[in-house]
Amino acid sequence: MIEIKKCSKKFGKHEVLQNINLSFHKGECIALIGPNGCGKTTLIKSILGMVIPDSGSVEFNNKSIFGDYLYRENIGYMPQIGRYPDNMTIGQIVEMIKKIRNSDQALDEDLINAFELEKMFLKQMRTLSGGTTQKVSAALAFLFNPEVLILDEPTAGLDPLASEILKEKIIREKEKGKLILITSHLLSELDDLVTEIIFMQDGKVHFHKKVADLKSETNENKISKSIAKILKNKGNE
């Protein structure tokens, strides 16, 4: 579904992505993890067409995304920090996005209902807490029932109940056969969600493994412990 081939990107002299080769397929829920500055955000923005790699290609359903924008209609994106016009209300934001997309397909309002956002539709964005803004971003990402979901630190700032609601929604969408990419620093939250792990460091992919294989190789039952063991072993090499 998404193919990244030999992608590299520099900002000045800093090589943010170094010859990245990755394949993502339907029905997978993939965690993209690594330390700050490792290239995760640049990789995501390359998939979204917000950053153009210096070399290499990105393909969506076997077609290059370069020079195209319609493929984005198949992607729901939840940024780590959503930025919206301060003076608009939640309801106005939702209606504006609906009009921009002008989609005739059935909308997925599960999260609008689960987060009870309709009760807050008259609240202006500048008055919202970080957690409520995250709920708006999550609801918008799922609203148009996309084939692909890209969720950047989706549970950051959410209270435990909202976090659980979102995680259950992610699991349901994965079971429908959608492709889901998640970046997260909270490895403990990934165990019930993800099928594969990509670990990046210094602009490179250090490993891309199925979670079952990762746990088997390390003889651990938690993703966080498996990754810690791999990194410790690499450090001792």
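Helices (H or I, at least four residues) and strands (E, at least two) are DSSP runs, numbered from the N terminus. The model shown is predicted.

**View A. Overall fold of the protein.** The predicted protein has 7 helices and 10 strands. Its radius of gyration is 18 Å, close to the 18 Å that the globule rule gives for 237 residues, so the protein is as compact as a globular protein of that length. The C-alpha trace spans about 60 × 40 × 35 Å along the principal axes. Of the 237 residues, 47% are buried. When contacts between residues at least 6 apart in sequence are considered, 67% of them join residues at least 24 apart. The accessible surface amounts to about 12100 Å², and carbon and sulfur atoms account for 48% of that area.

**View B. The loop between strand 9 and strand 10, with Asp 202.** Asp 202 is placed in the loop that runs between strand 9 and strand 10. Although Asp 202 is not a glycine, its phi is positive, at about 55 degrees.

**View C. Val 205 in strand 10.** Strand 10 covers residues 204-210 and includes Val 205. With a relative accessible area of 27%, Val 205 is partly exposed. Beyond residues up to four places away in sequence, Val 205 touches Ile 20, Leu 22, Ile 198, Phe 199 and Met 200. Among these partners, Ile 198, Phe 199 and Met 200 fall within the residue range 196-201 of strand 9. The C-alpha atoms of Val 205 and Ile 180 are 18 Å apart in space, for a separation of 25 residues in sequence.

View D. Thr 183 belongs to strand 8. Its relative accessibility is 3%, so Thr 183 counts as buried. Neighbours within four places in sequence aside, Thr 183 is in contact with Leu 32, Lys 40, Ile 44, Leu 151, Asp 152, Glu 153 and Pro 154. Two of these partners, Lys 40 and Ile 44, are among the buried residues of helix 1.

**View E. Helix 1 and the residue that follows.** Helix 1 (residues 40-47) is mostly covered, with 6 of its 8 residues buried. The buried residues are Lys 40, Thr 42, Leu 43, Ile 44, Ser 46 and Ile 47. After helix 1 comes Gly 49, which has a positive phi near 80 degrees.

View F. Leu 186 sits in the loop between strand 8 (179-183) and strand 9 (196-201). A relative accessibility of 39% makes Leu 186 partly exposed. Leu 186 and Ser 64 are separated by 122 residues in sequence, and their C-alpha atoms are 33 Å apart in space.

**View G. Ser 163 in helix 5.** Helix 5 spans residues 160-175 and contains Ser 163. Ser 163 counts as buried because its relative accessibility is 5%, which is under the 20% limit. Residues up to four places away in sequence not being counted, Ser 163 touches Thr 155, Leu 158 and Glu 189.

**View H. Glu 116 in the loop between helix 3 and helix 4.** The loop that holds Glu 116 runs between helix 3 (110-114) and helix 4 (130-142). Phi of Glu 116 is positive, near 55 degrees, in a residue other than glycine. Glu 116 counts as partly exposed, at 43% relative accessibility.

**View I. Cys 7 and Cys 38, neither in a disulfide.** A search of the whole structure gives 0 disulfides. The cysteine sulfur nearest to Cys 7 is that of Cys 38, 15 Å away, and Cys 7 is in no disulfide. Cys 38 is likewise in no disulfide, and its nearest cysteine sulfur is that of Cys 7. A disulfide requires two cysteine sulfur atoms within 2.5 Å. Cys 7 counts as buried at 1% relative accessibility. Cys 38 is buried as well, with a relative accessible area of 1%.

How values were computed: Residues are numbered from 1 along each chain as its sequence is written. This is a predicted model: local features need pLDDT of at least 70, side-chain atom pairs count only at pLDDT 80 or more; totals for chains, interfaces and linings use all residues. Side-chain values use heavy atoms; hydrogens and water are left out. The radius of gyration is taken over C-alpha atoms; the globule rule is 2.2 Å times the number of residues to the power 0.38. Buried means under 20% relative accessible area, exposed over 50%, partly exposed in between (1.4 Å probe, protein chains only). Contact means heavy atoms within 4.5 Å. Accessible areas come from the Shrake-Rupley method with a 1.4 Å probe; for residues, only the protein chains shown count as cover.
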